[in-house]
Amino acid sequence: MSTTRVLRAISIGVLCAVLGMALFAGEISHYSYATQFRELPYAAPSSAHLLGTDALGRDLFTRLIYGTRVSLLLAPAAAFLSTLIAGLLGSLAGMIGGWCERVVLAAADLSMALPLLFVLLTLRAVLPMDLSPVISVVATFVLLGALGWPSSLRVVWAASKAMRDSDFLLLARANGCSPWRMILRHVMPNLRPILLAQFWISIPVFVLTEATLSMLGLGVMEPMPSWGNLLRGLEDFSTVGANPWRLAPLVVLILVVICFQLILPMREELA
Amino acid sequence: MLRALKCFSILFICSIASPLFAQSGGELHFCLHGEPKTFNPVFVDDEASENLRYLTGGVLIRLNRQTQALEPALATSWAISKDRRTIAFQLRKGVYFSDGTPFTSGDVAYTMKLLLDPSTHSPTGDAFQSGEGKTEVRAAAPEAVSITFPAPIAGLERLFDQVAIMSANSPKKEMAVLGPFYVSDYKAGSSILLRKNPNYWKHDAKGTSLPYVDSIQLDIQRNRDIELVRFRRGELQLINRLDPEQFEKLKQENSSLARTAGTGLDAEELWFNQVPTAPLAPHKKAWFQTTEFRKAISLAINRSDLSRIVYKGFARPAFGPVSPANRFWFNSALIEPKYDPQGALRLLTQAGFHYDNETLKDRTGNRVEFTLVTNSGNPAREKMAAMIQQDLSQIGIKVNIVTLDFPSLIERMTRTFDYEACLLGLVNTDLDPNGVMTVWMSSGENHQWNPNQKTPATPWEAEIDKLMREQASAATEKERKAKFDRVQQIAAEQQPFIYLIDKDVLTAVSPALIGASPVVLNPQAFWNAETLRVQAAQLGAQK
């Protein structure tokens, strides 16, 4: 077994373990992620609080596994949405060409030119105020997915354009195949490796974007945890040296992002 | 032999003590937290410019930041007419601007005209706008000037603390100053060098000319962490304002560096949107307009926990609109707010709400739930919001928290009124109640819970309007105080703003700086910059 395969196997194992902990968070920890033990702010790790507590006395381990659930389930969903949009629009632009191609590429260029963070800030500001934390989380990731497609689109468009004059599409066209049927039945399956790669690349990107938004106080709303708002605990870096366990969310985030990167080639190979 | 021994002893003591002696000269070094928008005292509207104005500007009357009393400065005396419309100043003789131009009543007239000219749009001048009509400034003699306003202004003399007199004749215009320092060098985005004004009129008790230090180096530094690191290294001699985390860390490292002036003037508060036209559900508007509901929320919030956890104990539960730090205007008869969730539930039950199965519902069965909005990027407020969320969950109220960037929040607060409850802080720079007229008058734009009312929406708001008007025109400070005490009483009874905590003033002062004594009024750590001295050892290092 090559080193690469071992690393990939370990990565899959780590991801499964992290995902398992996130999914069974309620069974693993008997605390609520919102409960404040106000007599124990910034408590050190103990048998009662495995990773200690945060500034408000909330159990950090509980918040970490619930936060993992939020980030690790919703980031792939956002990645799926953005890859879907990129796949449909990119293949359409590549296959049809002409005005359609120009419009789609112009839209992608425009979207890439806009600073994503400010667009997200603006959209977040116009959302209704009475959203529950769960809906707010979903809305944040939907926004991420809906705005994160342009860079993937460029890749998909280039691949589908290269496919446009291929023999199998010529044959399909000669048989009277409609453009949509060609895209769905012929182009998309051939774009699968690219779409899968884009999907896996997007997951850590969205996790990090959510983390950035949360660092600005605009991501997942309190008291719901996410990796992003857990990382805000590291803002006060000078105290981290004395309390290294507060680095746990960062360690998990780095671990998951690395694991995603390591399993990525295998996905391509499988495809 | 004995004499020789004595001489040796004196020499020995002197050699040990000399580094500890303070002396004139040297440079004071600290940071401003933003770029000053202007050097012209008339246009000052930001904290950095205000601090510069304080250090460079000469005023007729100075508010002593420590005693909170008014003291003669460029005016040796002043008198206010019985109708409180005219103030007459007797000016100090033999005073010169930093460039050598003599100071006369013409300069006061020039400054006041500029300040009150509507086309100038001076934020400082706005405080003097008393009514329709023209303000007359009469310079009867080089040392006498009188100003007559169209209508009475309460606390008039106090306003002159903000009026830095400008020269009518100096070619250097606003750069010619009467304060202890003048601007010598400015590197945009980097630093400002202030030098000792050689013509400054003030002397200490021994006749030594003030200020003691030769110059002040002001670095423009927005990053508070970098500022603290530089202070620790000894590059800076003071930090005007620290946050509780920084203060606590510094205190743990060296308690003599961390200096507090006690409870300050700034408060944190929350309020409910009571604007009749706000796009809110009618049942929510009804809750927010119910006094018992607001009082119950106030009772259910554990302010001591907010102070202890969010502010590390460097804050105290707020009584009402005025902090106890405002010695004269604070109403000491107000009762300290208490944490009483059961009392809150009793009040809510009286108001028709019912608590069942850990959920609070109103008369018509609607679950009591609201969204608390605050500005993003303020960890202290976000923590407070999370704590309020848990406190209110104890009485069955569900709170959703939304953080918005400041412009979006202001848009909702002032234009669309599309919010339910808001958590923000008030920065108080003025001790006098006239400074908060726009907050308490129902027609005021800062009457946040229901601004810009044509007529007062409630009887208690009408009473506050009447009291605020009366205090503004009352003849004596005692009368004014009685009226404003009643305003504070009504505010405590009605809770339009639910005051949460009053924050402590936290500063850092290097041991190399002698004479520093932080106060609650801005500028907290360098209010007495003219009498600050740098220790001789530090002076040696600077040389």
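Helices (H or I, at least four residues) and strands (E, at least two) are DSSP runs, numbered from the N terminus. The model is predicted.

Q: Which residue is joined to B:Pro523 by a cis peptide bond?
A: B:Pro523 is placed in the loop between β21 (513–514) and β22 (533–535) of chain B. The cis bond has an omega of about 0°, and the residue joined to B:Pro523 is B:Asn522.

Q: Is A:Tyr42 buried, partly exposed or exposed?
A: A:Tyr42 has its place in the loop between α2 (25–28) and α3 (60–96) of chain A, and its phi is positive, about 55°, although it is not a glycine. A residue is buried if 20 or more other C-beta atoms lie within 10 Å of its own, and exposed if 12 or fewer do. A:Tyr42 has 16 C-beta neighbours inside 10 Å, so it counts as partly exposed.

Q: How many other C-beta atoms lie within 10 Å of B:Phe417?
A: B:Phe417 is a residue other than glycine with a positive phi near 55°. Its place is in the loop between α13 (406–416) and β19 of chain B. B:Phe417 is partly exposed, and the number of other C-beta atoms within 10 Å is 18.

Q: How many helices and strands does chain A have?
A: Read along the sequence, chain A follows the pattern α-α-α-α-α-α-α-α-α-α-α-α. Its C-alpha atoms fill a box of roughly 75 × 55 × 30 Å along the principal axes, and buried residues make up 40% of its 271 residues. The counts for chain A are 12 helices and 0 strands.

Q: At what angle do the axes of α4(A) and α7(A) cross?
A: Two packed helices are described by the angle between their axes and the distance between the axes. Helix α4 (residues 98–113) and helix α7 (residues 150–164) of chain A have axes that come within 9 Å, and the crossing is left-handed. The residues that meet include A:Leu105 and A:Met112 in α4(A) and A:Leu153 and A:Trp157 in α7(A). The axes cross at roughly 145°.

Q: How compact is chain B, and what is its radius of gyration?
A: The secondary structure of chain B comes to 17 helices and 22 strands. For its 543 residues the globule rule gives 24 Å, and the value for chain B is close to this, so chain B is as compact as a globular protein of that length; its radius of gyration is 26 Å.

Q: How many residues of strand β13 of chain B are buried?
A: Strand β13 (residues 258–272) of chain B pairs antiparallel with strand β20 (residues 497–509) of chain B through 10 bridges. Strand β13(B) also pairs in the antiparallel sense with strand β19 (residues 421–426) of chain B, over 6 bridges. Strand β13(B) is largely enclosed by the rest of the structure, because its buried residues number 13 of the 15.

Q: Which residue of β8(B) is the bridge partner of B:Glu136?
A: Strands β7(B) and β8 (residues 144–148) of chain B pair in the antiparallel sense over 4 bridges. The bridge partner of B:Glu136 in β8(B) is B:Thr148.

Q: How many residues of chain B are in contact with chain A?
A: Chain A contributes 22 residues to the contact. Its side divides into 13 nonpolar, 4 polar and 5 charged residues. The number of chain B residues in contact with chain A is 26.

Notes. Residues numbered from 1 in each chain as written. Chains lettered and ligands numbered in written order. Predicted model: local features only at pLDDT ≥ 70, side-chain atom pairs only at ≥ 80, totals over all residues. Contact = placed C-beta atoms within 7 Å. Nonpolar A, V, L, I, M, F, W, Y, C, P; charged D, E, K, R; others polar. Axes fitted to C-alpha atoms, helices over the stretch in contact; angles between N-to-C directions. Left-handed = near helix turned anticlockwise from the far one by under 90°. Rg over C-alpha atoms; globule rule 2.2 N^0.38 Å. Pairing = 2+ DSSP bridges.
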